[in-house]
Amino acid sequence: MSATTAPETAPPAPPPAPAGVAKAARRKKLVPYWLLLPGILWLVIFFAAPLVYQASTSVQTGSLEEGFKVTWHFQTYWDALTEYYPQFLRSVIYAATATVLCLLLGYPLAYLIAFRAGRWRNLVMILVIAPFFTSFLIRTLAWKTILSDSGPVVEVLNSLHILDITSQLGITEGERVLATPLAVVCGLTYNFLPFMILPLYSSLERIDGRLHEAAGDLYAKPFTTFRKVTFPLSMPGVVAGTLLTFIPAAGDYINAELLGSTDQKMVGNVIQSQFLRVLDYPTAAALSFILMAAILAMVTVYIRKSGTEDLV
Amino acid sequence: MEPTHEPESLSPPQIAAMRRSMTSGRMALSRRNLLRAGGAGAFAIGGLGALSGCGIPPAGRTEAQGASDDHSAEEKQVNFSNWTEYMDETDDKRRPTLDEFERRTGIKVKYTEDINDNVEFFGKIKPQLAAGQETGRDLICVTDWLAGRMIRLGWMQQLDASNLPHAYTNLAEGFRNPDWDPGRAHSYPWTGIPAVIAYNKKATGGRKVTSISQLLDDPKLKGRVGMLTEMRDTVGLTLLDMGKRPETVTTDEYEAAIARIQKAADRGQIRRFTGNDYTGDLTKGDLAACVAWAGDLIQLQADNPEIEFTIPDAGYMTATDNLLIPSKARHKKNAERLIDYYYEPKVAAKIAAYINYVCPVDGVRAELAKIDKDLANNPLILPDDEMAAKSHAFRLLSSKEETAFEDKFAKLTGA
């Protein structure tokens with residue numbers, strides 16, 4: 001209504017208006033960049049700069065007394081790799097095992113919360129997140145009490161002769177669980193489980209319940225429905241969850257330090273000891289970069305294979 | 001786009017598919033890909049420049065100019081960084097000896113328990129010290145080998161003896177002349193830390209553990225032996241057990257000791273190399289026997305009567321935690337007055353009674369007896385002559401040796 005009357009009653013549009021509009025438009029165009037600025041600054045200061053610094057450190061040589069100079073000594077990378085490949089391999093194996101275990105434990109739970117929990121949903125979610133209210137370190141230390149040699153868990157496992165079998169398999173040693181590979185993998189699984197459950201839950205929860213009904217109408221059995229409908233739709237959650245578990249688990253050193261023995265040390269432990277104790281900064285930096293490159297390569301292949309681009 | 005070679009054996013649909021992928025598929029030169037490639041290129045070129053620009057300058061001898069700037073007179077305060085559990089404390093979180101110092105001198109002490117680990121603390125303050133900047137701390141407390149390293153690097157200030165009358169007179173004989181700080185020019189010990197053998201009687205089945213040899217060889221202890229990640233304590237005790245002196249250790253002797261421990265580790269004798277967290281393992285019995293710090297043991301024994309300790313016949317290691325003033329500290333004189341205050345026997349006795357480590361102050365026995373007779377007679381706090389004779393210290397290592405020794409030890413611990 002008013003639009004039709006406006007041209008007659010309103011004075012002719014003042015000439016400066018288009019300029020103002022252009023200015024406003026330009027300002028509008030800049031808004032995203034202004035909004036990006038804090039994040040970019042953050043990344044530059046706390047991610048890019050340290051990364052460059054570490055990259056530089058990895059090709060330096062020297063000592064604390066004489067200082068470290070960039071000598072493009074790439075040999076450090078090769079030396080670090082040949083010296084510490086067992087720890088690298090172990091990190092990948094432990095992290096991958098823990099990721100698979102997290103998926104096996106986390107998927108049913110996330111499924112339950114998303115589709116079956118009903119009014120308990122919020123409570124169960126809180127239970128999943130609750131461990132975050134205590135420190136990572138304390139939670140890991142708690143496992144030392146739970147898995148203590150004379151504690152109830154190990155006693156039960158021993159009386160059922162389960163530890164005899166696991167010892168044969170080489171994942172425990174004698175009549176104990178602590179200071180063995182099993183303890184480290186269990187610790188990793190426990191500590192990173194929420195990182196698996198949360199993305200799984202958020203992608204499962206988005207699935208339209210009517211799709212399940214439709215699958216049923218088309219004579220799909222429950223398992224077929226899961227295989228053909230639910231699981232493919234939850235793939236973004238699976239990919240995100242496995243990445244969020246695998247990446248930090250591969251670099252973790254707390255679990256190996258507290259729950260493992262000398263034969264369970266992971267690459268994170270080596271980096272820590274090279275950096276802080278041995279004061280061989282170039283080797284520590286080179287190890288970090290090798291780990292980063294290895295993870296990046298594995299993740300790229302994995303994402304390509306799993307064929308999903310949007311990670312929740 | 002340049003025309004790309006297309007093999008002739010492809011079927012027309014395949015060729016069509018390939019063309020499509022060139023323009024709109026994965027191989028397409030989209031804006032995103034271009035940006036990505038450009039970004040990577042820019043990063044690579046800029047990166048090279050940035051990389052060679054970095055570097056860590058050699059350790060500066062900042063001692064001379066570090067000493068000049070003292071604001072003690074106009075700023076009545078001192079910033080003291082110490083380990084946790086290293087200061088007497090009442091149940092309502094007051095620190096009586098520090099309060100007394102503040103009352104007496106009017107100097108406000110900002111006491112921070114921010115040292116948990118020597119290597120981590122060094123990592124934390126190294127950048128400032130290396131750059132010749134102030135650390136914000138006037139007084140720090142670190143273990144002797146780290147103190148030695150930082151003095152060697154020229155990062156610690158020389159102390160002014162005229163501000164330290166009590167410390168100068170009361171410092172116990174055995175602590176006066178460490179090889180890493182001759183004549184105590186830069187440091188005064190806060191405590192002595194003996195490393196001895198501890199065991200849990202229940203876990204060993206009543207067996208006594210009396211030597212490092214037994215720790216490394218006794219099959220009854222297999223998988224339940226702990227050693228410390230503190231290289232000088234673990235290797236030092238092993239050297240003593242092998243009849244060598246840690247005061248004069250050579251590279252060959254050091255390697256022999258490492259090989260000795262490695263053999264036991266390969267056999268599965270050693271469960272873990274630990275820091276302070278051995279105490280929990282020992283109490284639970286997960287560790288049957290281990291190398292342990294004496295000050296912890298008095299506390300552990302009070303909580304668990306099964307815990308016993310042995311001073312090995314071959315001797316034991318004593319390290320020290322030392323008070324030092326970093327270069328550029330703003331309140332040097334105040335810090336010196338604080339050091340001196342803790343060398344008054346009455347004050348030192350209060351600290352010894354609370355933290356239970358070896359007290360490096362002469363004339364403390366009578367004062368300590370007034371607080372607790374048992375503590376005054378405990379050789380772990382005030383060693384008698386017989387015990388003092390068995391005490392050893394690891395020799396000062398050069399920077400090169402330190403890196404090489406630590407590297408070998410790190411390999412032993414699996415990292």
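Tutor: Of the 312 residues of chain A, 34% count as buried (20 or more other C-beta atoms within 10 Å of the residue's own, with C-beta atoms placed from the backbone). This is a predicted model, where local features need pLDDT of at least 70, side-chain atom pairs count only at pLDDT 80 or more, and totals for chains, interfaces and linings use all residues. Residues are numbered from 1 along each chain as its sequence is written, with chains lettered from A and ligands numbered from 1 in the order in which they are written.

Student: How many helices and strands are in chain A?

Tutor: Chain A has 14 helices and two strands (DSSP runs: H or I of at least four residues for helices, E of at least two for strands, numbered from the N terminus).

Student: Which residues of H9(A) and H10(A) meet?

Tutor: A:Leu211, A:His212, A:Ala215 and A:Gly216 of H9(A) meet A:Thr225, A:Lys228 and A:Val229 of H10(A). Contact means C-beta atoms, placed from the backbone, within 7 Å.

Student: Switching topic. How many residues of chain B are in contact with chain A?

Tutor: 33 residues of chain B are in contact with 36 residues of chain A. Helix H2 (31-53), helix H5 (118-130), strand S6 (270-274), helix H12 (278-284) and helix H19 (399-412) of chain B each supply at least two residues of that side.

Student: Which gives the most?

Tutor: H19(B), with five residues.

Student: What box do the C-alpha atoms of chain A fill?

Tutor: Roughly 95 × 70 × 35 Å, along the principal axes.

Notes: Contact = placed C-beta atoms within 7 Å. Buried ≥ 20, exposed ≤ 12 C-beta atoms within 10 Å, placed from the backbone.
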